Amino acid sequence: MYDITFKGKTGYHNGVLVVKRPNIPAPERNVEYIEIPGRDGAITQDQKTYKNIEISIELNFMAKETEWQQCFRKCKNWLQGAGKLELSDDAQFYYRVKNVSLSENERTSLEIGKFTATFVCDPYMYLKSGMRERAIEEVTYNPYDLSCPIYMIEGEGICAIDVNGKTLAINVGQNAVIDTDLMIAYRKDGTLINAQVYGYYEDGRLKPGDISLYASDGFNVKIIPNWRCL
């Protein structure tokens, strides 16, 4: 049976069924066209980024007449905010949801309700296997698109991470986490240490193809690669 999972909970276990499999839009690249008087065509400014995508999924449920509203309240509590969206026919991937909006709840009969959930998502789909923590020596090739890994470092002093000839460094102080997607650094207790970072977060990202990845001696460095593709 086709189903969705959001925030780790399935539609089935929340009492709703997917009416039909959703259409998945292709991400739109952020490109600006600038018209200049006296010049044929337009100048293209490619931001090399993509816009959010929206995945709309039609859902329905059946409940006793006296429990109909309660069932929809349960759905509203589940389908809100940010989280991970998984589709059962693409089980190796998930989408990063930024927000969810719900249509009105159409009462097609005394016991049946129908509504549409629209998930506003990051343009990329992410591999579940890319969430696994690994030693940096294990990461030697990226078969997907540009990824924004998370580095977890233990040790004392300045640790330099070299990614294909570009360096990102941080003054560790026992432990540090570098998130190259959110472009922040923090300790395990949540304390921000952005001022301890030297270099550009973008230099720690993993381009498609072969990867040369090294860290300074004397540090224990792990990586969550966050593999992703369009």
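1. In this predicted model, an open sheet is built from 4 strands in the order 18-15-14-20, with antiparallel pairing. Strand 18 (197-198) and strand 20 (213-215) lie at the edges; each has a single partner strand, so one side of each has no neighbour in the sheet.

2. Isoleucine 170 is found opposite valine 197 in strand 18.

3. A further open sheet has 5 strands, ordered 11-21-13-16-17, and its pairing is antiparallel. The edge positions are taken by strand 11 (134-135) and strand 17 (184-186); because each has a single partner strand, one side of each is left without a neighbour in the sheet.

4. Strand 16 (residues 174-179) is connected to strand 17 by 3 bridges, and the two run antiparallel. Here isoleucine 178 stands opposite alanine 185, a residue of strand 17.

5. The largest pocket holds about 700 Å³ of space. Which elements give two or more residues to the lining of the largest pocket? They are strand 5 (42-50) and strand 10 (112-127).

6. The lining of the largest pocket comprises 24 residues, and those nearest its centre are Lys48, Tyr124, Leu146, Arg205 and Arg228. Sorted by class, the lining contains 12 charged, 9 nonpolar and 3 polar residues.

How values were computed. Residues are numbered from 1 along each chain as its sequence is written. This is a predicted model: local features need pLDDT of at least 70, side-chain atom pairs count only at pLDDT 80 or more; totals for chains, interfaces and linings use all residues. Side-chain values use heavy atoms; hydrogens and water are left out. Two strands pair if DSSP finds at least two bridges between them. On a 1 Å grid over the protein atoms alone, a cavity is a set of points where a 1.4 Å probe fits but cannot get out, and a pocket is an open set with protein on both sides within 12 Å along at least five of seven lines; lining residues have an atom within 4 Å of a point. Grid points are joined across faces, edges and corners, and a volume is the space filled by probe spheres set on the points. Ala, Val, Leu, Ile, Met, Phe, Trp, Tyr, Cys and Pro count as nonpolar, Asp, Glu, Lys and Arg as charged, and the others, Gly among them, as polar.
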